[in-house]
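Here is a friendly briefing to read with the model open beside you. It goes through charged pairs, aromatic rings, backbone angles and pockets in turn.

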Amino acid sequence: MTDLPPESLAGKTIAVLGGTGPQGRGLARRFAAAGLTVVIGSRDPERAADTATELARATGGMVSGTDNTDAAVAGDIVVIAVPWQGHADLLKGLATKLAGKLVVDCVNPLGFDKQGAYALTVEEGSAAQQAQALLPDSTVVGAFHNVSAVKLDDPETASVDTDVLVLADVRQASDLVQELASCIPGVRGVYGGRLRNAHQVEALTANLISVNRRYKAHAGIRITDI
């Protein structure tokens, strides 16, 4: 059963590139359940279509699937949820398609070894800043970095119970993505600073992974006193 989206998002299509991966799929599920039109993008359009069919059936929402390029064209708001290793190459190839669009980057540049997860150094400062450098004609916002993919994609989890830090250089874009985050039950979008502050938010995911491993949890974050 879908809800009605807020007026600011009414009529907008949300494209999720990398929408067959854990984070992308979870976000697509929640956006569709909130009454938004969702397009899932993937390197494998057949897999995207299968995922879309499954999520449409589960949520009662409007979900379709295609390749990343066509999804980028279809989206008014385009969420980047691909693995860090493919981040730069994907965006370089889509710069023209994403021109003039609002792009939400939720990619975390992380490495893994025997000691666990750790933050990687990014030349531009962060994945969000890399996205803005590669997409000069788009408005890039960083968000959804620290949200549990397991909780997002679990239909039995009624409330995800976390805040989403939203990083942006354009106030209107930040406000809209905060509204998008708040469409998910239990989630609140909170302005977290400009894009130059995205690194520590992306890196925080490594700490949350450590928390989750130690306590067998799916931890999120809450901002107090606001």
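Arginine 25 and glutamate 54 form a salt bridge, with their closest N and O atoms 2.7 Å apart; the term stands for a side-chain nitrogen of Lys or Arg within 4 Å of a carboxyl oxygen of Asp or Glu. Arginine 25 belongs to helix H1 and glutamate 54 to helix H2 (residues 45-59), so this pair ties together parts 29 residues apart in sequence. Please keep in mind that this is a predicted model, in which local features need pLDDT of at least 70 and side-chain atom pairs count only at pLDDT 80 or more, while totals for chains, interfaces and linings use all residues. Residues are numbered from 1 along each chain as its sequence is written, and side-chain values use heavy atoms, with hydrogens and water left out. Helices (H or I, at least four residues) and strands (E, at least two) are DSSP runs, numbered from the N terminus.

**Salt bridges**

- The structure holds eight salt bridges, and a network of them links Arg25, Arg29, Glu54 and Asp153.
- Arginine 25 counts as buried at 13% relative accessibility, whereas glutamate 54 is partly exposed at 37%; buried means under 20% relative accessible area, exposed over 50%, and partly exposed in between (1.4 Å probe, protein chains only).
- Another salt bridge joins the side chains of arginine 222 and aspartate 163, at 2.7 Å from N to O.
- With arginine 222 in the segment after H8 and aspartate 163 in strand S9, that pair ties together parts 59 residues apart in sequence.
- Arginine 222 is partly exposed at 41% relative accessibility, while aspartate 163 is buried at 1%.
- Arginine 171 and aspartate 175 also meet through their side chains in a salt bridge, at 3.2 Å from N to O.
- Arginine 171 and aspartate 175 are four residues apart in helix H7 (residues 171-181), so about one helical turn separates them.
- Arginine 171 is exposed, with a relative accessible area of 65%, and aspartate 175 is partly exposed at 34% relative accessibility.

**Aromatic pair**

- A pair of aromatic rings is described by the distance of the centres and the angle of the planes.
- The count comes to one aromatic pair, where rings of Phe, Tyr and Trp (its six-membered ring) pair if their centres lie within 6.5 Å, and planes under 30 degrees apart count as stacked, over 60 as edge-to-face and the rest as tilted.
- Phenylalanine 31 and phenylalanine 144 make up an edge-to-face aromatic pair, 5.9 Å centre to centre with 70 degrees between the planes.
- Phenylalanine 31 sits in helix H1 and phenylalanine 144 in the loop between strand S8 (139-142) and H6, so the pair ties together parts 113 residues apart in sequence.
- Phenylalanine 31 is buried at 0% relative accessibility, and phenylalanine 144 is buried with a relative accessible area of 1%.

**Positive phi angles**

- Most residues other than glycine have a negative phi, and most peptide bonds are trans.
- Phenylalanine 144, a residue other than glycine, has a positive phi near 65 degrees.
- Aspartate 161 is not a glycine either, yet has a positive phi of about 55 degrees.
- Aspartate 161 is placed in the loop between H6 and strand S9 (162-167) and is partly exposed, with a relative accessible area of 45%.

**Around threonine 139**

- Threonine 139 is found in strand S8 and is partly exposed at 29% relative accessibility.
- The C-alpha atoms of threonine 139 and valine 170 are separated by 7.7 Å, although the two residues are 31 apart along the chain.
- Leaving aside neighbours within four places in sequence, threonine 139 is in contact (heavy atoms within 4.5 Å) with Lys101, Leu102, Val103, Gln132, Val170 and Ala173.

**Pockets**

- The largest pocket has a volume of about 720 Å³; on a 1 Å grid over the protein atoms alone, a pocket is an open set of points where a 1.4 Å probe fits, with protein on both sides within 12 Å along at least five of seven lines, and lining residues have an atom within 4 Å of a point.
- Grid points are joined across faces, edges and corners, and a volume is the space filled by probe spheres set on the points.
- Of the 28 residues lining the largest pocket, Gln23, Asn108, Ala149, Thr205 and Ile209 lie nearest its centre.
- H8 supplies the largest share of the lining of the largest pocket, four residues.
- The lining of the largest pocket has 16 nonpolar, twelve polar and no charged residues; Ala, Val, Leu, Ile, Met, Phe, Trp, Tyr, Cys and Pro count as nonpolar, Asp, Glu, Lys and Arg as charged, and the others, Gly among them, as polar.
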